[in-house]
Amino acid sequence: MSNLTDDRRDVGPVDEPALPPLGSVGLLRWMWRQLTSMRTALILLFLLALASIPGSVLPQRGTNPLRVDQWLADNPTSGPVLDRFGFFDVYSSPWFAAVYLLLFISLIGCVLPRTRLHWRAIKAPPPPAPRRLMRLPMAEEFVVPGDVDDVLASARDDLASRRWRVRAGESPTANGGDGSCWVAAEKGYSRETGNLVFHLALILVLVAVAVGGLFGWKGNVIVREGSGFSNTLTQYDAWGGGRFVSPDALAPFSFTLDTFTVDFERGEAQRGAPRLFQADVTYRAQPTDAGEPATIQVNEPLSVDGAKVFLVGHGYAPHFVVRDSTGSVVFDDTVVFLPQDGNFTSSGVVKIPDASPALGLNGLFLPTATLDDVLGPISTFPGPDYPAVFLSAFKGDLGLDAGTPQSVYRLDTTSMEKIGLESLLPGETWTLPDGSGQVEFTGFQRWASFQIAYDPGKELTLAAAAVALGGLMLSLFVRRRRIWVKAVPSAGGGTLVQVAGLARSEAADLSDDIRAMVTHLESNGPAAERNPG
Amino acid sequence: MTSIELAQASNAAVYATMIVLSIAMVSFAVSFALGRRRTAALPQRVDVLQSAGSTVVIDRPEPPAEVPLEPGRRAANIGMSLTWLAFFTLLLGVVLRGIWAGRVPWGNMYEFSITAALGILGVFLAMSIGRDLRWLGLFVVIPALLTLGMAVTVLYTEAAQLVPALKSYWLVIHVSAAIICAGAFTLAAATAGLSLVRSRLERKAGGADVTGWAARVPSSEKLQTMTNRTIAFTFPLWTFAVVAGAIWAENAWGRYWGWDPKETWAFITWVVFAAYLHARSTAGWRGDRASWIVIAGWAAFIINYFGVNIFVNSLHSYAGT
Ligand code: HEM
């Protein structure tokens, strides 16, 4: 039965293990045939799955550049080799691209010829009845009253009303045919249509993703409470855009972070787990607009001028007032500290090159401070129940003039001298022991980090994915099948009818179609003696 | 009921489920042991065309009446009944958990796992309506029991609210689709595994009837057809689950796809099952090889579920310990 039902090999290229022919044209055609064969598609799919694995095991630059640096530092021998072959950028590496591009070339080479064949199949009438209908795996034979023409017309109307494609014909009497009349019907063309639509939509997904990659951009920025942000390149902490984005012509929107609210779990279970983040902002689509209030939450981004502003993180920014040895205020601002753990033990630095002497502070901010015997100063709850800072002060050359770019979150103390160490509660002032000045910890603010993204391809991606899913469901749920009704005058009066079916898709069961036809023909007249055939 | 009582009732229901499933497992195992002497598979209930008297009757055959129940079948029937019972006690446990937490019961790995076990049992029982799947019971009850065992030992978490990233109705859509897929993929892996064993025994028997416990499971060809049907149903659902997840990710993080480990393994699972669907119509890849691909796809699904949640630093690490 499987060789009968499995005639799907008539679509798509045939897998034939042929040897490469000589001659360059022949060789090219041979290679093309290999590339577009089902076996190659299968192997490329396996390769795609395999090639995706390393990127889930090794840290990736796109998502976690700091951990990549750490990995490289920890593995000085294998690290650079892996780096060279793109293992820290798997999904934009040439070998990953090679796999999916080959797959899509194969896909196109496979789908286009199948589309042409399918187009022809749709237009062609169903094939005539096989000569020996009763040999088919599902067949029935019985006698009904009425003459051949009536029976066949009735069968034909019934099939057509149930949206079968129908064709009537007569077996030739030549070549041993019996000259009987038949109706042939076929249904389920949308299976192949769905399959083709699915594969073509996959190409569309790829194109849409590429559009997003080429024309879209994405940036990250940290904004303190009370501060503003406007959408220009210089304001971003990190920014990346596609090849066709002009970074100096970004949409000119802006917003101010008015307040940031967080709430943490205080119950025994999952204590400290985040429960609510909410940023209240005022935004302007154009610099001249009046500000409009809006709320940004996780899962609820703000849409402005085609871009979307997502809330992705938050932290604390302690406020310091620093006086130098002359007693004049040399620093008076909040400083963004980056969280180091789930309880927001946060670290940051203050650099004051204009003080005399130049001062630098390395600090920890602890929202709920404890001094652990082993771990030292650490926070035990992410909310500010008992905020404190631990500072170490340095004086000397901050290294800012050396010309090498410095991180704002790290203090280069190589040519500095340590002055001392102190912990401060809000409102406390630390007079530096060597008379270099005073540091006052006046309090803290919160900051929120935003990802701002513009992806012109994402609607298209979603639409293509939806089309693909629709095609896929047609392709997997529709059964392609044929049935034939053959009628000849019965020797004992009435008409001898044969009904048989053939499934064209795997494991399809035709008994309900045949049952429907048998019931229809029998109920169209009084039941007649069945011919035992 | 007070909150504490709700929590205890939910836990009690989960433990009761495990006890009932253990007995079901023993019953199914016994039915295999007792069936040893039979040499042919149990009659399958399938649609066939049948003629009777003067009219053509196309009907489902009645189960042979008055045949005395052999001990193996009785044990399998007990197993089926207990599996139904376990499904309802577990459903109760999941619902009570949700009432206690005041939200969908999908906030952490413990809750995902008990719901996944419910999915495994649910898909199996739904499929068993209208066909005889008693032979499959053992291979469904074992993974369900293992999942529950993991849940109550390693993964247990007190109910708590959802972290903000999980507060989205896409969560409900995405997770419910994924849980049904978990059940169906597990079932497909079970039938694929059985078909591998069967086809080996069939080759050994060399045309003769397979004997021993494997005589109670359908032929490898039938098992492959079943696997195929299951995957044909599940693959679009999994596609949908991945798309829903991407929409959710876009809402939460500003990108619909970021090759986060969880997303990567969802993709790998998808690609492997796509490969399976291709293998069905690729010369030389039907049969055993295709079954192996199903098992590989299921492995990718499991790696995503346990491995990535627990071991890998991912945006999706809400294991909640
Ligand atoms: C991006 C890569 C591809 C993916 C994800 C993919 C996925 C799928 C899926 C899920 C099916 C099952 C639907 C069905 O059975 O009708 C399928 C069927 C099919 N694919 Fe692909 N495919 C890809 C590439 C290709 C290529 C390159 C070829 C040509 C060599 C191809 C040829 C076919 C054929 C002929 C079928 C029908 C098989 C059948 O009816 O059982 N596909 N594909």
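Predicted model: local features only at pLDDT ≥ 70, side-chain atom pairs only at ≥ 80, totals over all residues.
Residues are numbered from 1 along each chain as its sequence is written, chains are lettered from A and ligands numbered from 1 in the order in which they are written, and side-chain values use heavy atoms, with hydrogens and water left out.

**Chain B as a whole**

With chain B still selected, display its secondary structure, which comes to 8 helices and 2 strands; helices (H or I, at least four residues) and strands (E, at least two) are DSSP runs, numbered from the N terminus. Followed from the N terminus, the elements run α-β-β-α-α-α-α-α-α-α. Buried residues make up 57% of the 321 residues in this chain, buried being under 20% relative accessible area, exposed over 50% and partly exposed in between, with a 1.4 Å probe and protein chains only. Chain B exposes about 13,300 Å², of which carbon and sulfur atoms supply 66%; accessible areas come from the Shrake-Rupley method with a 1.4 Å probe, and for residues only the protein chains shown count as cover.

Now colour chain B by pLDDT, the predictor's confidence in each residue, from 0 to 100. The mean is 80, and 79% of the residues of chain B reach 70 or more. Over residues 36-68 of chain B the value stays under 50, although the model has 51 contacts beyond four places in sequence for them.

**B:Ser27**

Select B:Ser27 next, in helix α1 (residues 3-34) of chain B. B:Ser27 is buried, with a relative accessible area of 10%. Leaving aside residues up to four places away in sequence, B:Ser27 touches B:Ala75, B:Ala76, B:Ile78, B:Gly79 and B:Leu82. The C-alpha atoms of B:Ser27 and B:Asn77 are separated by 8.3 Å, with the two residues 50 apart along the chain.

**The iron site**

Move to the iron atom of the ligand, which A:His199 and B:His278 coordinate, each through NE2, at 1.9 to 2.0 Å. The pair crosses between chains, from helix α9 (residues 190-215) of chain A, which holds A:His199, to helix α7 (residues 261-279) of chain B, which holds B:His278. Both A:His199 and B:His278 are buried. Donors are N, O and S atoms within 2.8 Å of the metal (3.2 Å for Na, K and Ca), and water is not among the atoms, so sites may look incomplete. With angles of 77 to 178° among its 6 donor atoms, the iron site is octahedral; six donors count as octahedral if opposite donors are over 155 degrees apart and all others between 65 and 115.

**Chain A**

Finally, select chain A, which has 11 helices and 23 strands. Its radius of gyration, 37 Å, is well over the 24 Å that the globule rule gives for 533 residues, so chain A is more spread out than a compact globule; the radius is taken over C-alpha atoms, and the rule is 2.2 Å times the number of residues to the power 0.38. Along the principal axes, the C-alpha atoms of chain A fill a box of roughly 125 × 60 × 55 Å. Of its 533 residues, 45% count as buried.

Definitions and conventions. Tetrahedral: all angles 85-135°; square planar, octahedral: opposite > 155°, others 65-115°. Contact = heavy atoms within 4.5 Å.
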